[in-house]
Amino acid sequence: MSKIIAITNQKGGVGKTTTAINLATAMAAIEKKILLIDCDPQGNASTGLGIAEAKREPTLYTLLCKGVFDLDSIKKTAIPNLDIVTANIDLAASEIELTNVDDREFRLKNIIKNIKGYDYYFIDCPPALGLLTINGLVASDSVIIPLQCEFFALEGLSALMNTIETIK
């Protein structure tokens, strides 16, 4: 049975993308089939796995706004057993475009239901508590919250935990 794990913290710079890439790579190295979903408009997970900006279409933005899965959105990486659904800055517009869409917080969950053949799905969330992060949390079975040992990171953790309690 596959597992869906969101990696999130509303604070930036705590290692979310680094954690997502390294965990995905480590699991792929032990021959697990991995799909990393870049759910951050910065697209750093896509860049970190070597996917050029010009080769990212269709991105997660397209999937979320259309509300349907497109097999072409899954890109192979140089790492065996590790694929990615990419992101770019267009993803930031999805929060506005989905404002009046029914069940908008379930878009990612419904898309993942149509993607078969992976042992683990890692969702690299943006540093915010907006609709993209909500989609990542709703879609996930588990959450990893990277944290730096500093006061502001603890404030972010508290807000995130309240959000998770509300969603689940």
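This is a predicted model: local features need pLDDT of at least 70, side-chain atom pairs count only at pLDDT 80 or more; totals for chains, interfaces and linings use all residues.

Mentor: Let us take helix H1, in which Lys16, Thr17, Ala20, Ile21, Ala24, Met27 and Ala28 are buried, a word that here means under 20% relative accessible area, with exposed meaning over 50% and partly exposed in between, for a 1.4 Å probe and protein chains only. Seen down the axis of H1, these buried residues fall within an arc of 140 degrees, so they line one face of the helix; the arc is that of the directions from the helix axis to the C-beta atoms.

Residues are numbered from 1 along each chain as its sequence is written, and side-chain values use heavy atoms, with hydrogens and water left out.

H1 covers residues 16-29; helices (H or I, at least four residues) and strands (E, at least two) are DSSP runs, numbered from the N terminus. With 14 residues, H1 reaches 20 Å from its first C-alpha to its last, close to the 20 Å expected at 1.5 Å a residue, where the expected span is 1.5 Å times one less than the number of residues. After the helix comes Glu31, whose phi is positive, near 65 degrees.

What does the buried face of H1 pack against? Its buried residues meet S1, S2, helix H2 (44-48), S4 and S5, contact being heavy atoms within 4.5 Å. Those strands belong to an open sheet of six strands in the order S3-S4-S2-S5-S1-S6, with mixed pairing; two strands pair if DSSP finds at least two bridges between them. As a whole, H1 packs on this sheet, touching S1, S2, S4, S5 and S6, and its direction makes about 165 degrees with that of S5; axes are lines fitted to C-alpha atoms, for helices over the stretch in contact, and angles run from 0 to 180 degrees between N-to-C directions.

Five bridges join S1 to S5, and the two run parallel, with Lys3 having Tyr120 as its bridge partner in S5. Five bridges also join S2 to S5, again parallel, and there Leu36 is partnered by Phe122 of S5.
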